[in-house]
There are 2 protein chains.
Amino acid sequence: MEFIDVLGFFAGICVTISVIPQIWKVWKTKKVKDISLLTFSILTFGVALWVVYGVLKNDLPIIVTNSISLTLNLLMVYFIVYYEKE
Amino acid sequence: MEFIDVLGFFAGICVTISVIPQIWKVWKTKKVKDISLLTFSILTFGVALWVVYGVLKNDLPIIVTNSISLTLNLLMVYFIVYYEKE
């Protein structure tokens, strides 16, 4: 693996794991009032498109990191919808 | 511009603009209690690395969209820090 691939993976890992503290915070507090559902909905849609882009370009760092990111952001969207109702 | 570039730009635009409703919400409510500062800090750092990745790969959709994303997320981090103090 070349340096640029490592950089891509590291950039992707940062962006990917970034949502975890937010998920953790919502899980602990059960509060989502200040969080924008629209933000996480558009983000999830965009990340899904990045996965397609990565597949078409055969760009592994983009595929792998955005697939995980998609999963985490879908969970975040679910949390917001779930705790907004509560 | 090829289809794949258009797709990349569109994916990037979605991810980039996604933070705008969150910025708008914080601007209006002045409340950031439920938002994770760590999430937006790691995200901003990761997006900065994507810009470097894009430059090294000479990948225009990645460079352009992540540069705008970087600006918006820096603003978001500033907002969280500013309104947390209030």
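I started with residues 6–24 of chain A: the span is 95% helix and 0% strand, and its end C-alpha atoms lie 27 Å apart. Helices here are DSSP runs of H or I with at least four residues, strands runs of E with at least two, numbered from the N terminus. This is a predicted model, so local features need pLDDT of at least 70 and side-chain atom pairs count only at pLDDT 80 or more, while totals for chains, interfaces and linings use all residues. Residues are numbered from 1 along each chain as its sequence is written, chains are lettered from A in the order in which they are written, and side-chain values use heavy atoms, without hydrogens and water.

Next I checked helix H2 (residues 19–29) of chain B. I found Val19(B), Pro21(B), Gln22(B), Ile23(B) and Val26(B) buried, meaning under 20% relative accessible area with a 1.4 Å probe, protein chains only. Their cover includes helix H3 (37–57) of chain A. After H2(B) comes Lys30(B), with a positive phi near 60°.

Then I turned to the interface. How many residues does each chain bring to the contact? I got 39 from chain B and 39 from chain A, where contact means heavy atoms within 4.5 Å.

I also looked for salt bridges (a side-chain nitrogen of Lys or Arg within 4 Å of a carboxyl oxygen of Asp or Glu). The rule finds two across the interface of chain B and chain A. Lys57(A) pairs with Asp59(B) in a salt bridge, the closest N and O atoms being 3.3 Å apart.

Terms used. Buried < 20%, exposed > 50% of the residue type's maximum accessible area, 1.4 Å probe, protein only.
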